[in-house]
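Please look at the model below before reading on, and keep it in view while you work through the briefing. The notes begin with one term and then go through the structure topic by topic.

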Amino acid sequence: MAHVAKDLGIRKEALRGWVRQAEADHGERDDRLTTAERDELKQLRKEDAELKRANEILKAASVFFAQEIGRPRTRPSR
């Protein structure tokens, strides 16, 4: 592996990582996520963050509207 990495002009640890990832992608390893699983996890984390932001906005809006409902209404003077 060191010889191939040298021929490619890269560090052997980089090549080793690529080989391990390729093995995981082909089902030959179960100690790391496949590329598809990594992509899915990244997307799910992004969606989770968006949902958390939306929940915070909805919580703030519900507090605002609850306060508005609790206020006595006054009629405008003519």
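Rings of Phe, Tyr and Trp (for Trp, its six-membered ring) form a pair if their centres lie within 6.5 Å, and planes under 30 degrees apart count as stacked, those over 60 as edge-to-face and the rest as tilted. With that definition, the structure holds one aromatic pair. The rings of Phe64 and Phe65 have centres 5.2 Å apart and planes at 75°, so this pair is edge-to-face.

This is a predicted model, in which local features need pLDDT of at least 70 and side-chain atom pairs count only at pLDDT 80 or more, while totals for chains, interfaces and linings use all residues. Residues are numbered from 1 along each chain as its sequence is written, and side-chain values use heavy atoms, with hydrogens and water left out.

**Confidence**

- The pLDDT, which is the predictor's confidence in each residue on a scale from 0 to 100, averages 93 over the protein chain, and 96% of the residues score at least 70.
- Among the parts of the protein chain, helix α2 (residues 12-25) has the highest confidence, at 97, whereas helix α1 (residues 2-8) has the lowest, at a mean of 93.

**Overall form**

- The protein chain has three helices and zero strands, where helices (H or I, at least four residues) and strands (E, at least two) are DSSP runs numbered from the N terminus.
- Read along the sequence, the protein chain follows the pattern α-α-α.
- The C-alpha trace of the protein chain spans about 90 × 25 × 15 Å along its principal axes.
- The radius of gyration, taken over C-alpha atoms, is 27 Å for the protein chain, whereas a compact globule of 78 residues would have a value near 12 Å; the globule rule behind that comparison is 2.2 Å times the number of residues to the power 0.38.

**Surface and burial**

- The accessible surface of the protein chain comes to about 7400 Å², of which 54% belongs to carbon and sulfur atoms; accessible areas come from the Shrake-Rupley method with a 1.4 Å probe, and for residues only the protein chains shown count as cover.
- Of the 78 residues of the protein chain, 6% count as buried, a word that means under 20% relative accessible area, while exposed means over 50% and partly exposed lies in between (1.4 Å probe, protein chains only).
- Thr34 lies in the loop between α2 and α3 and is buried, because its relative accessible area is 18%.
- Thr34 touches Gln21, Ala24 and Asp25, not counting residues up to four places away in sequence, where contact means heavy atoms within 4.5 Å.
- Pro72, by contrast, lies in the segment after α3 and counts as exposed, because its relative accessibility is 74%.

**Salt bridges**

- The structure holds five salt bridges, each being a side-chain nitrogen of Lys or Arg within 4 Å of a carboxyl oxygen of Asp or Glu.
- The side chains of Lys52 and Asp48 form one of them, at 3.3 Å from N to O, and these residues are separated by about one helical turn because they are four residues apart in helix α3.
- Asp48 is partly exposed, with a relative accessible area of 37%.
- Another salt bridge joins the side chains of Glu23 and Arg29, at 3.0 Å from N to O; Glu23 is partly exposed at 25% relative accessible area, and Arg29 also counts as partly exposed, at 25%.
- The side chains of Lys59 and Glu56 also meet in a salt bridge, at 3.8 Å from N to O, and both residues lie in helix α3, three residues apart, which is about one turn of the helix.
- Salt bridges that share partners join Glu23, Arg29 and Asp31 into one network.

**Along helix α3 and beyond**

- Ser62 has its place in helix α3 (residues 35-70) and is partly exposed, because its relative accessible area is 43%.
- The C-alpha atoms of Ser62 and Lys12, 50 residues apart along the chain, are separated by 56 Å.
- Glu40 lies in helix α3 and is partly exposed, with a relative accessible area of 49%.
- Glu40 and Glu56 are 16 residues apart in sequence and 24 Å apart in space, C-alpha to C-alpha.
- Pro72 and Ile57 are 15 residues apart in sequence and 25 Å apart in space, C-alpha to C-alpha.
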